[in-house]
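Hello,

Please find the structure we talked about just below. My notes on it follow.

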Amino acid sequence: MRKLTYIDAIVEAMHEEMARDESVYVIGEDVDIKGGVWKGTVGLLEKFGAKRVRGTPISEAAFTGLATGSAMTGLRPILEIMYMPFCYVAMDQFLNQMAKLPAMSGGQIKLPITIRAQAGAGTREAAQHSQSQEAIFLHIPGFKVVMPATVYDAKGLLKSAIRDDSPVLFIEDRNLYYEPEEVPEGEWLVPLGQADVARTGKDVSVVTLGFPRRKALAAAKQLEGTVDVEVIDARSLEPLDMDTIGASVMKTGRLLVVHEAPVRCGAGAEIVRRVVAEYFDYLDAEPRVLGGANLPLPFSPVLEDACLPQVNDIVNAVRQMA
Amino acid sequence: MLRTMLSIRLFEQRVKQLYRAGEIVGAIHLYIGEEAIATGVSEALRRDDYVFSTHRGHGHLIAKGGDLKRMMAELMGKATGCSRGCGGSMHMFDPSIGFMGGNGIVGGGIPLALGAAFSAQYRGADSVAVAYFGDGGMYQGVLHESLNLAAKWKLPFIAVCENNRYAATTPVAKSAASHDFSTYAAPHGIPGVRVDGNDCLAVHKAAKQAVARARAGQGATLLDCETYRVEPHCGIIPDDRPQEERDEWGRIENDPIERSRRRLKITQPQFAKLRAEIESGLDEAVEFARQSPMPKIGSCDA
């Protein structure tokens with residue numbers, strides 16, 4: 001075992017995949033300047049050259065469309081979105097073009113595109129730099145969506161995303177970037193569509209999306225001795241691993257989903273809908289979703305923290321359900 | 001080129017009849033009157049060059065070598081269609097001949113073509129990519145982003161504006177501060193050429209230069225091809241353009257096909273023979289489409 005940070009795991013995955021396949025390239029703002037603002041492309045320019053590491057002007061619509069057009073004609077772009085809300089500038093290119101071209105062409109067009117989108121909240125950067133947007137992309141047919149919450153998953157899921165033949169939205173959380181975790185040496189893949197049971201328990205199933213995995217594990221620790229919490233990190237939202245979530249609900253009869261996006265029309269609502277549809281008879285309590293406040297995130301630290309689900313909120317919600 | 005233009009014209013006239021008869025449904029945008037542009041451009045292209053089309057794209061596909069049978073089948077929503085019935089009029093695809101699809105969003109295909117140009121440069125191929133768009137596309141920000149990137153990275157990219165003077169039903173005079181769209185190239189330091197879009201030779205000459213420049217690694221070109229759409233914007237929208245304007249553009253001397261016929265000194269009997277040949281191919285295409293099966297439910301699940 002060795003220690004590696006989340007962002008270095010992402011860099012390592014790209015190094016391996018670019019060495020493996022010449023059609024893989026990286027495009028986005030600042031990716032060719034000192035390893036990018038998040039240090040998410042360190043060493044790529046030096047190793048693979050300017051042809052395969054393309055820093056762009058701030059023209060999200062053009063370079064998103066460019067990535068799609070290049071994928072239509074044989075390349076496998078890794079498209080970096082510096083802050084995920086910047087996607088909105090290119091929404092036609094994401095939702096009308098990238099999402100729809102494979103289907104509209106009757107399957108003649110394949111789009112092996114990985115969108116690395118840096119997301120997250122709680123960093124006091126205010127509403128236009130902090131928003132959880134996974135539900136928007138989940139709602140539009142045509143994307144796979146993953147949200148790694150560990151260093152191991154960041155590398156393994158990114159490698160699977162790059163090798164996949166459809167657009168995969170790979171949502172990174174900047175809060176996780178720089179803290180080292182133990183990982184194995186060498187290469188590994190994490191398949192898309194597989195949840196991770198982060199902690200086994202028998203009383204309440206807590207399903208997390210992205211960063212709240214850590215908060216749910218902290219809450220489970222606090223509740224030790226009173227409530228035995230099972231924490232399932234969904235990891236992949238499309239495809240969604242209903243077998244793992246369902247098996248947990250069959251055991252506990254209680255489901256809480258935690259994410260940072262607002263509850264209204266969120267991914268948690270969809271997970272609850274599917275559990276109700278497929279595992280209704282196993283539920284012993286009303287399934288719940290704990291999410292962010294239903295408003296653009298405010299700047300002031302006290303205000304922002306109050307908008308996001310915290311460890312105490314998870315502890316309280318679990319207590320009420322158990 | 002005369003044959004190609006006439007094929008497009010007669011195909012579109014057939015589509016219009018079938019649309020009126022209810023055999024073709026949906027949104028149909030006809031290319032009648034604009035045939036010289038796709039024809040002149042494609043005459044300068046190879047099979048391995050890329051074309052990204054618009055909502056008004058039947059002519060672009062025919063000029064690139066599209067199969068009339070599969071096109072007609074697509075318009076009738078059949079499984080044998082060039083997009084297996086999943087796309088329809090605005091989303092025909094034939095990647096095997098470099099036809100990378102129509103687009104229902106004005107300007108939406110421009111950065112996609114930029115990506116194909118990028119891909120060609122990346123792979124060391126000498127293919128070029130053409131983005132068609134109308135004067136309506138000139139008002140989209142992504143065009144200007146794309147021209148900048150194409151110029152900066154010297155991509156083999158050719159932006160072809162089919163300036164038919166109306167964005168849906170709004171005239172250029174009402175939307176644009178500058179009416180000469182070729183000037184939009186200058187800030188990016190690439191050639192911008194204004195062309196008589198109803199003269200296939202003029203279009204071809206300009207396209208040939210643009211293609212040669214792109215293949216030689218010298219970068220992008222913007223063509224502003226002036227033309228006029230003879231039909232209304234779309235099958236369902238009434239045409240309230242001024243009658244005198246329509247009469248002027250509708251004069252036989254302004255028709256791109258007639259101009260070409262006169263120049264080539266093709267006699268009326270020779271022309272009638274050519275027309276009959278094409279019509280017979282269209283009969284076959286319509287019959288093929290009619291006889292083709294409907295797609296199976298679920299067959300467009302990507």
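Y25(A) has P77(A), in β4(A), as its bridge partner. The two strands involved are β2 (residues 24-29) and β4 (residues 76-81) of chain A, which run parallel and are joined by 5 bridges. A strand here is a DSSP run of E with at least two residues, a helix is a run of H or I with at least four residues, and both are numbered from the N terminus. Two strands pair if DSSP finds at least two bridges between them. Strands of a sheet pair through backbone hydrogen bonds, either parallel or antiparallel.

This is a predicted model, in which local features need pLDDT of at least 70, side-chain atom pairs count only at pLDDT 80 or more, and totals for chains, interfaces and linings use all residues. Residues are numbered from 1 along each chain as its sequence is written, chains are lettered from A and ligands numbered from 1 in the order in which they are written, and side-chain values use heavy atoms, with hydrogens and water left out.

β2(A) and β4(A) belong to an open sheet of 7 strands with mixed pairing, in the order β3-β2-β4-β5-β7-β6-β12 (chain A). β3 (53-56) and β12 (236-238) of chain A stand at the edges with a single partner strand each, so one side of each has no neighbour in the sheet. On average, neighbouring strands of this sheet are turned by 20° against each other, direction ignored. Helix α3 (residues 60-72) of chain A packs on the sheet and touches β2, β3 and β4 of chain A (contact means heavy atoms within 4.5 Å). The direction of α3(A) makes about 170° with that of β2(A); axes are lines fitted to C-alpha atoms, for helices over the stretch in contact, and angles run from 0 to 180 degrees between N-to-C directions.

Strand β10 of chain A

In β10 (residues 204-208) of chain A, 5 of 5 residues are buried (under 20% relative accessible area, with exposed over 50% and partly exposed in between; 1.4 Å probe, protein chains only). V204(A), V206(A) and T208(A) point one way from the strand, while S205(A) and V207(A) point the other way. β10(A) runs parallel to β11 (residues 229-233) of chain A, with 5 bridges, and V207(A) stands opposite I232(A). β10(A) also runs parallel to β13 (residues 255-262) of chain A, with 4 bridges, and T208(A) stands opposite V258(A).

A residue in chain B

H29(B) lies in the loop between α1 (2-20) and α2 (35-42) of chain B. H29(B) is buried, with a relative accessible area of 5%.

Regards
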